[in-house]
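Below is a short report on a ligand site and a helix pair. The structure is shown first.

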Amino acid sequence: MSSSSSQIEVDSDTSDYDYETSFNSSTASLTSSINEYIFGADGRRYHAYFGPEKNLLPTDEIEQDRLDMYHEIMLQLRSELHQSPLAEPHNILDVGTGTGIWAIDMADKYPMAQVIGIDLTPIQPKWVPPNCKFEVDDAEREWTFKPDYFDFIHARTVSHSIGDWPKLLSQAYICCKPGGFVELLEFEMATFCDDGTMADDNPMKVFFDLLAKALAKIGRPGVTTASLRKNLEDAGFVDINVIQTKQPIGAWPKNKRMKQIGVMTMVNGETAFNAYGYQSFTRILGMGHDEAEKICKDAVEAMSNRNYHLYFMNDVAYGRKPREDEC
Ligand SMILES: C[S@@+](CC[C@H](N)C(=O)[O-])C[C@H]1O[C@@H](n2cnc3c(N)ncnc32)[C@H](O)[C@@H]1O
């Protein structure tokens with residue numbers, strides 16, 4: 001008999017469950033549905049349509065809330081949705097749009113523009129401004145957008161997923177209108193400190209040293225100010241600007257605004273450390289579940305220690321595609 005009330009049969013095998021194999025085999029049997037997802041041993045939900053390696057971060061409601069909060073932190077930090085000097089953009093693309101919150105705000109800000117957000121996962125809301133739409137797509141594949149089409153192409157915090165920046169930016173260059181802008185916002189995969197309060201064994205530093213190691217191992221080494229500038233230059237963009245901003249972690253800053261940003265970053269970090277760390281540590285560095293969870297947990301706890309004056313380095317880099325008369 002099979003009904004939902006029948007007793008669940010117990011597996012007689014009581015040896016330690018091989019999570020790694022189960023994760024891989026469950027992705028191998030995926031159907032083609034873009035909504036297919038799998039659960040990690042950390043209890044988080046991951047989309048897997050393009051393969052679990054593409055985006056190492058979960059895409060569940062916890063992560064969606066985190067992304068929306070991150071958007072708010074970026075607005076507090078930068079005051080603007082973009083730094084590029086846009087005039088009257090008609091076509092805007094957001095690469096790796098996440099919950100689409102930036103794209104929706106841009107559609108509201110520029111009601112005459114059409115805004116498209118693309119992402120590996122369909123986690124965007126259905127009710128959006130009429131001039132905003134979303135598509136499921138892998139930005140690392142060949143782009144099918146028209147050449148010289150977008151006035152503005154934007155990507156924020158996608159570096160953990162991008163293995164080939166030159167290819168991505170050369171496609172962005174082709175699809176950008178002459179005179180249009182490409183803008184990248186990324187935080188460098190490290191913690192920084194100006195006053196010697198970050199010892200080598202600081203749990204946040206330990207976390208980021210390991211995360212950088214994991215991402216380098218899979219050919220996604222993260223960005224630096226220099227790499228952002230060079231990648232934009234190599235793709236052909238001109239008038240490149242890179243703006244570095246310190247994003248405090250925790251309540252340690254005296255300045256009220258910076259304290260608020262630090263506290264929001266700390267709240268965001270409560271789930272961010274797990275989101276970025278868990279799959280990176282277990283799947284890439286081969287750690288066990290308990291070890292990976294402990295490193296994330298220790299980093300979360302360290303954020304509330306106001307004797308540690310750590311911050312992230314947040315970089316916005318933008319460049320302009322030369323106008324036709326400049327070529
Ligand atoms: C950390 S989230 C940032 C989301 C959004 N940009 C924001 O700032 O709120 C990274 C997003 O990039 C998406 N992503 C990663 N690699 C991608 C790719 N190759 N093509 C399209 N989207 C990608 C992920 O699915 C995820 O939603």
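## Ligand contacts

A polar backbone atom of glycine 96 lies 2.6 Å from a nitrogen atom of the ligand (a polar contact is a pair of N or O atoms within 3.5 Å). This is a predicted model, in which local features need pLDDT of at least 70, side-chain atom pairs count only at pLDDT 80 or more, and totals for chains, interfaces and linings use all residues. Residues are numbered from 1 along each chain as its sequence is written, and side-chain values use heavy atoms, without hydrogens and water.

An oxygen atom of the ligand is 2.6 Å from a polar side-chain atom of arginine 156. For serine 161, a side-chain N or O atom is 3.4 Å from a ligand nitrogen atom. The protein covers 98% of the 590 Å² of accessible area that the ligand has on its own (Shrake-Rupley method, 1.4 Å probe).

## Helix pair

Helices H2 (residues 61–78) and H3 (residues 101–109) pack at about 55 degrees, with axes 9 Å apart (helices are DSSP runs of H or I, at least four residues, numbered from the N terminus; axes are lines fitted to C-alpha atoms over the stretch in contact, and angles run from 0 to 180 degrees between N-to-C directions).

Technical notes. Helix = DSSP H or I, 4+ residues; strand = E, 2+ residues; numbered from the N terminus. Polar contact = N/O pair within 3.5 Å; in protein donor to acceptor, adjacent residues only side chain to side chain.
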